[in-house]
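Hi,

Here is the structure I promised to pass along. Have a look, and then read on for what turned up.

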Amino acid sequence: MTFFRMEKINKFFPMGEEQAHILKDIDLTLEEGDYLSILGPSGSGKTTLMNIIGCLDVASSGRYILNDREIEDLTEAELAHIRSREIGFVFQDSQLLPRLTAQQNVELPLIYAGTSPAERRRRAQAMLERVELSDRMNHFPNQLSGGQQQRVAIARALVGGPSLLLADEPTGALDQKTGRQVMKLFGELNGEGRTVIMITHDTNIARNARRIVHIIDGELTEGGDAADV
Amino acid sequence: MFKKICGVLSMLVECVRMSLQNIFANRLRSFLTVLGILIGVAAVIALITTVNAFSGSLSDSFKTMGAGTLSVTVTGSDLKSGLSTKDLNALTELPAVEGVSPQESLRSRISHAGSHDTRIRVTGRSGSYFAKNEGLVSRGRPINVIDENNSSRVCLINSDVTETLFYGVDPLGETIYIDGMPFSVIGTLADDSAKSVTSIMNGSDEIVIPYTTAMKMNSVNVVTSLTVYLADGVDSDTANDELEEWFDALFSYEEDCYSIMSMSSIEDTMQSMLSMVSSLLAGIASIALVVGGIGIMNMMLTTVTERTAEIGLKKALGALPWQIQVQFLIESFLLSMIGGAAGIALGLGLSMFLCSMMSTDFLISVQAILLGFGFSAAVGIVFGWAPARKASRLNPIDALRSM
């Protein structure tokens, strides 16, 4: 069984008359339980790569297999299904809906997955407990600190039971101390067996992962173990 | 399968909840948006309810006074300008006819003991008119055959005339002057003496004198306007045919010498005029609904643009395009329905006011309410469709990038 494999992934974007070559022959394989950092400066194509990994976008060419499924063959509805079941997104800015409470925000992915209200509540509460926010369930985002908001966002990413946690600059909007707390949480979640992919431009943050790859000008190079960076 | 349906249902419930939150978070904007729908629905409802109430009371009054009568207007030919007394007697002999009641109107100066001098409409009527319509006379006696034959100078007056001429004095037996000629008051008319078709157009009688007297005062010797009372069990169509035959013979088959109107034909004409006017007005009112719909569409398009990031996020969290579309459709639907409900309330209030102004009975028309809800639901869905579709088609990456 293949958990995660990318083979010769290329991505082109039309730029005026020309085709911009954003991703060049990306090869990447992950096992279940891996903790990977994709490290690269801005403009290196790392966000495009994340969109493809997260099934928000499809590659121009190449193969991407996630949990034994060929992603490029899927329809938009099937991609949405994968996003709701297999992938948990954490964005740079927590992206909580301001008019929903913490618990309602966490329940959001389950609503679209068609989970029953009782089950939604149970799982959302369990997830908020896991990120140590059980006393903040009925708070609105503007009543929470930046770190707390990001933890709610992590709970939301995890509530559907995804096999892959995908984080885009998860500490980008946080101060050093809160950033470290979030990194600690990521470490714990990985310790519990979850696969984590983190995209960042910050070497210090990237070092939290067990494996690092560099992306520069759309080309991926293995960075070895985190300790070597 | 059952689980799937439950999932969809609970998603819809969440959509309704979130939509209401969004609508009420922007109260002023939502209110201004639905104002168009509100006004449109209110106008349509008020119009339909008021017209319904009016036409209902119209047909009621036609029913109470119109049964078993035909109204004849004679324009006459060059040789024969109207009906003589002999013709009237012959007409009464027809099997379908039980009686006839000629009428002759004039406008006259009236006064009493030099007190007042006003111009008033005086109507000449026959004894059979009073015989056929009970309750016309509140005090005194009605006009009888002797009055008719002698062209007596007697009259009945209504309460307005009584008040003007005889303040605090019993009018019975007194003398009033109509165009200078003395008439003795033999009775007073009851207030609701609106018992003929003409009274709908002209208002109720003020002074009634024998029709023969009125003819003399107008210097005419033929009757040109009369009501025909039908014999029991004769329907107005049969009677109409029989009368036409008789009148055709009377006027030597010349055309356009007379016209016969039944109450139901007059009512049909009035109702069709009324419904034409009301559909015209409803057409104008529904323009307001279209304008309201455009307002909703505009607001929804703005909302979609404002919430691009939210849409992208929801897509990233696994929302399907149709789920996004349904959510925005629900929002525009609810917005429109809120406007519609307020419009129905306002419209009903307005028509209640109008009905009391016209002193007709106010009837809540279920049909109108359903129409109001139907209209606003349709507007919400039709005008919400394009914005919702736009939202559902947003590319999640572009949407997320606008964060």
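How much area do chain A and chain B bury between them, and what share of it is on carbon and sulfur atoms? Keep in mind that this is a predicted model. The two chains bury about 2,400 Å², with 64% of that on carbon and sulfur atoms.

As for who takes part, chain A brings 24 residues to the contact and chain B brings 27. There are two salt bridges between the chains. In one of them, Glu76(A) pairs with Lys315(B) through their side chains, at 3.8 Å from N to O. On chain A, the side touching chain B draws at least two residues from each of helix 2 (76–85), helix 3 (102–113) and helix 4 (117–130). Sorted by class, that side of chain A has twelve nonpolar, six polar and six charged residues.

Now the cores. The largest nonpolar one has 74 residues, and those with the most contacts inside it are Phe4(A), Met6(A), Ile38(A), Ile53(A), Tyr64(A) and Ile197(A). Its biggest contributor is helix 12 of chain B (residues 321–357), which gives eight residues.

Leaving aside residues up to four places away in sequence, Met6(A) touches Ile26(A), Asp27(A), Leu28(A), Leu49(A), Ile52(A), Ile53(A), Arg63(A) and Tyr64(A).

Cheers

Note on methods: Residues numbered from 1 in each chain as written. Chains lettered and ligands numbered in written order. Predicted model: local features only at pLDDT ≥ 70, side-chain atom pairs only at ≥ 80, totals over all residues. Heavy atoms only, no water. Core = buried A, V, L, I, M, F, W, Y, C linked by side-chain atoms within 4.5 Å. Buried < 20%, exposed > 50% of the residue type's maximum accessible area, 1.4 Å probe, protein only. Helix = DSSP H or I, 4+ residues; strand = E, 2+ residues; numbered from the N terminus. Contact = heavy atoms within 4.5 Å. Buried area = accessible area lost by both parts, 1.4 Å probe. Salt bridge = Lys/Arg side-chain N within 4 Å of Asp/Glu carboxyl O. Nonpolar A, V, L, I, M, F, W, Y, C, P; charged D, E, K, R; others polar.
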